[in-house]
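The following paragraphs accompany the sequence and the three-dimensional structure. Please keep both in view while reading.

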Amino acid sequence: MEAIEELAELSESMRQAAAILADEDVDETSSSSSKRSSTFLNVVALGNVGAGKSAVLNSLIGHPVLPTGENGATRAPISIDLARDGSLSSKSIILQIDNKSQQVSASALRHSLQDRLSKGSSGRSRDEIYLKLRTSTAPPLKLIDLPGLEQRIVDDSLVREYVEHNDAILLVIVPAAQAPEISSSRALRIAKEYDSEGTRTVGIISKIDQAASDSKALAAVQALLSNQGPPKTSDIPWVALIGQSVSIASAQSGSASSDNSLETAWRAENESLKSILTGAPQSKLGRVALVDTLAGQIRNRMKLRLPNLLSGLQGKSQIVQDELLRLGEQMVSTAEGTRAIALELCREFEDKFLQHITGGEGNGWKIVASFEGSFPNRIKQLPLDRHFDINNVKRIVLEADGYQPYLISPEKGLRSLIKGVLELAKEPSRLCVDEVHRVLLDIVSAAANATPGLGRYAPFKREVVAIASAALDGFKNEAKKMVVALVDMERAFVPPQHFIRLVQRRMERQRREEELKNRSSKKALDAEQSILNRATSPQTGGQQSEGSLKTLKDKSSKQEKDVQEGSALKTAGPGGEITAGFLLKKSGKTNGWSRRWFVLNEKTGKFGYTKKQEERHFRGVITLEGMQH
């Protein structure tokens, strides 16, 4: 118990040091300080309904204050801020409300909590019940009793609210009967999610007496206490409890003279645990072992935080020393001197702010990203395709009246279309202004924290940030009006050069489409010629296997074969629409006749020829469509 009291003093010192580093006012007499205790001393109980969470916390308190039961007695989060007062008797409980103190009994408190938990139709609420107690038996901790994890009101947000604090101790409470299935425990899974290294988690196996006859459960408990359980439990310290020792002591203590009843009950609990768990380490049995384990985990968390805290204090001390060296020993005692310091600090703040804006320090780069990234993306997401759809453009142009009602004015229609599209740009522009405004607010805070002089005057620093933020709010409203005015200016005047560029772009697009079409037609013609040449080739399978026709022909039979080929026509194609054969063609140059290979495609209406049957490209093509027969 003394170890935790020493840790409580160190925790308060560390809280004050953290407040100094954050430039916060350290006010120990503040009314809110009672509920804003250090998270080092927070202990959060996690477990299913009936796991014995409230009984374990009652054992820590030393009084049966919290309601217990198998069917989920805790239906709302209960937070109990404990303070140890050695001058009180072991039975005394002092309830503190604001600045008043009142002595109460454990049963009265328990019944009051039961009444508050049972209020309402369902008896379930997410509102926290807060109590601040002084006793002589409880360690100076803040105990948080959460409802069973499988209850309806316990969702991820409620658990996160209490568990995500980096230094809060997590009590994973599992009944001994469920020890063999410890790997599937939701409480253990949540603890591992927020404390993967196990530096702020304590495992508690409750209700050992109820599993005394279950050898399998006892073997699993022994393994957990010896750090030989499943892999996810090996890095967590485990303690075994019966959990009802406080209630037993309360029932047995009938007279006021029995002040040692709690110590007697705790010793009896320890003896019972030793008799049930014969092979378990004695340092992990009972309420005293739980307090020592909690103290060890709190000490470990403090060791992790102290180096960074000391480093920050040293840096803060150096800043103060540099300021004192710069300002000298003379203190400002006049209004003019205070005004001069204030103006100098404002200039330093302005310089830091401009460094963030122009140099890209901190979040300064987000301003450029907003204009060059987010804003263009929002413009691209506008439904421009719907407005520039050809049918929509035709409709607008046809509905645009010229200088006479029965005439149309395409230019007027296009101007109205452009005005409508530019109207859509107003909303992305406003969103861009809002985004830049949020970035500037972050830069104001960052620049204030980066200004060394403002750190010495926390109230003045808050005023500077508030004034700068208010000025940015005004600039934001003016910027939105200016953006809308600029868009309206663009909508009001569409220059003639815009339509000239439209025509130029259209002609350029048509030229590219025509080139692409011609290129595609040429490829198709080449492919068609290749198919025709393969389809009308005179080679057979037997001749191909024996070699080329040129190697089998001789001069004596060539003329006779040509006559035979010239007199025979060949057909190809699925429907025989391609006809090919040799014909005589009169040359325009020599005025003589020469023998050429002609191909007629009745389907496409084209008539072409090549010099030789083996050629792949036509030397000339005649389109028969439209010609008189």
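This is a predicted model: local features need pLDDT of at least 70, side-chain atom pairs count only at pLDDT 80 or more; totals for chains, interfaces and linings use all residues.

What covers the buried residues of H5? The cover includes strand S1 (42-46), helix H4 (156-163), strand S7 (169-175) and strand S8 (201-206). Residues are numbered from 1 along each chain as its sequence is written, and side-chain values use heavy atoms, with hydrogens and water left out.

Helix H5 itself spans residues 186-194, and its buried residues are Ala187, Leu188, Ile190, Ala191 and Lys192. Buried denotes a relative accessible area under 20%, exposed one over 50%, and partly exposed the range in between, computed with a 1.4 Å probe on protein chains only.

The chain as a whole contains 20 helices and 14 strands. Of its 629 residues, 37% count as buried. Among contacts (heavy atoms within 4.5 Å) with a separation of 6 or more, 72% are between residues 24 or more positions apart.

Gly148 lies in the loop between strand S6 (142-145) and H4, and its C-alpha atom is separated by 7.5 Å from that of Leu46, although the two residues are 102 apart along the chain. Gly148 touches Gly47, Asn48, Val49, Lys53, Thr74 and Val154, leaving aside residues up to four places away in sequence. Gly148 counts as buried because its relative accessibility is 2%.

Lys207, in the loop between S8 and helix H6 (215-225), has a phi near 55 degrees, a positive value in a residue other than glycine. Asn227, in the loop between H6 and strand S9 (238-240), has a phi near 60 degrees, again positive in a residue other than glycine. Lys207 is buried, at a relative accessible area of 12%, whereas Asn227 is partly exposed at 40%.

With a relative accessible area of 16%, Asn392 is buried. Its side chain makes a polar contact with the side chain of Arg395 at 2.7 Å. A polar contact is a pair of N or O atoms within 3.5 Å; within protein, one must be able to donate a hydrogen and the other to accept it, and residues adjacent in sequence count only if both atoms are side-chain atoms. Beyond residues up to four places away in sequence, Asn392 touches Arg386, His387 and Leu417.

The axes of H14 (residues 410-424) and H16 (residues 458-492) come within 9 Å and cross at roughly 170 degrees. H14 is therefore roughly antiparallel to H16. Axes are lines fitted to C-alpha atoms, for helices over the stretch in contact, and angles run from 0 to 180 degrees between N-to-C directions. Angles under 35 degrees count as roughly parallel, over 145 as roughly antiparallel, 65 to 115 as roughly perpendicular and the rest as oblique. In this pair, Lys419, Leu422 and Glu423 of H14 meet Val487, Asp488, Glu490 and Arg491 of H16. The residues of this contact comprise 2 nonpolar, no polar and 5 charged. Nonpolar covers Ala, Val, Leu, Ile, Met, Phe, Trp, Tyr, Cys and Pro; charged covers Asp, Glu, Lys and Arg; the others, Gly among them, are polar.

H14 and H15 pack at an angle of about 25 degrees, with their axes 4 Å apart, and so are roughly parallel to each other. Leu422, Glu423 and Leu424 in H14 meet Lys426, Glu427 and Pro428 in H15, a contact made up of 3 nonpolar, no polar and 3 charged residues. Lys426, located in H15 (residues 426-450), also touches Val484, Val487 and Asp488, not counting residues up to four places away in sequence. Lys426 is buried, at 9% relative accessibility.

Finally, the cysteines may be considered. A disulfide is a pair of cysteine sulfur atoms within 2.5 Å, and by this rule the count is 0. Cys346 is partly exposed, with a relative accessible area of 33%, whereas Cys432 is buried at 4%.

Methods
Helices (H or I, at least four residues) and strands (E, at least two) are DSSP runs, numbered from the N terminus.
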